[in-house]
Amino acid sequence: MKDDVNTQIMECFFQISRSLKGKMTYNTEIANLSLLQLYTLMFIKRSDRDIHMKDIAEYFAIELPTATSLLNKLDKLGLVARVIDREDRRNITVTLTTNGKKILAEAEKMHEKKLKKMLSYLSGGQKTSLLSILKTLSQQI
């Protein structure tokens, strides 16, 4: 029985995500960062406001305990720090440490290199089409 187009698309998404999971890790001098850990550091760096645990959970569509575990790992590596509000101890923000900024810069360079290699199989027009398709899908999901 021949697969329909939707099934083939989902299978391609699955194969790409599985491949990315293995290929998109970042071995820095102190840590092996997963793609989620890298994007968490990037999210914290690029935010123009204080970041709280719930912000990370919401942004990545993960449960709060999962966000806590993610930040615990980054904290243990010395890449992020939790800052407790003196007025309200329940109010905890997350910031990058100096070492976190350094490691993030190193990992971002690796990320850029890996993305360029991965996308090198596509022509300029294919990249533009892919971006348009992905933007349309991300806006609808």
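Predicted model: local features only at pLDDT ≥ 70, side-chain atom pairs only at ≥ 80, totals over all residues.
Thr-93 and its surroundings

Leaving aside residues up to four places away in sequence, Thr-93 touches Asp-50, Ile-51, His-52, Ala-81, Arg-82 and Val-83. Thr-93 is found in strand S5, which covers residues 92-96. Is Thr-93 buried or exposed? Its relative accessibility is 13%, and the limit for a buried residue is under 20%, so Thr-93 counts as buried.

Two of the contacts can be traced to the pairing of strands. His-52 has Thr-93 as its bridge partner in S5, and Val-83 stands opposite Thr-93 in S5.

Strands of a sheet pair through backbone hydrogen bonds, and the pairing may be parallel or antiparallel. Here S3 is joined to S5 by 2 bridges, and these two strands run antiparallel. Between S4 and S5 there are 5 bridges, again with the strands running antiparallel.

Ala-61 is found between helix H3 (53-59) and H4. The phi angle of Ala-61 is near 55 degrees, which is a positive value in a residue other than glycine. How does Ala-61 stand in terms of accessibility: buried or exposed? Its relative accessible area is 70%, and exposed means over 50%, so Ala-61 is exposed.

The next feature is a pocket. The largest pocket has a volume of about 860 Å³. Its lining consists of 20 residues, and those nearest its centre are Ile-16, Leu-20, Leu-115, Met-118 and Leu-134. Which helices supply at least two residues each to this lining? They are helix H1 (5-23), helix H2 (35-46), helix H5 (98-119) and helix H6 (124-140). H1 gives the most to the lining, with 7 residues. Sorted by class, the residues of the lining are 17 nonpolar, 2 polar and 1 charged.

It remains to set these parts within the whole chain. There are 6 helices and 5 strands in the chain. Read from the N terminus, the elements follow the order α-β-β-α-β-α-α-β-β-α-α. The C-alpha trace spans about 60 × 30 × 25 Å along its principal axes. The chain has 141 residues, of which 24% count as buried. Thr-93 counts as buried, whereas Ala-61 is exposed.

Contacts can also be sorted by how far apart the residues lie in sequence. Of the contacts in the chain between residues at least 6 apart, 50% join residues at least 24 apart.

Key
Residues numbered from 1 in each chain as written. Heavy atoms only, no water. Pairing = 2+ DSSP bridges. Helix = DSSP H or I, 4+ residues; strand = E, 2+ residues; numbered from the N terminus. 1 Å grid on protein atoms, 1.4 Å probe; cavity = no way out; pocket = protein on both sides within 12 Å on 5 of 7 lines; lining within 4 Å. Points joined across faces, edges and corners; volume = space filled by probe spheres on them. Nonpolar A, V, L, I, M, F, W, Y, C, P; charged D, E, K, R; others polar. Buried < 20%, exposed > 50% of the residue type's maximum accessible area, 1.4 Å probe, protein only. Contact = heavy atoms within 4.5 Å.
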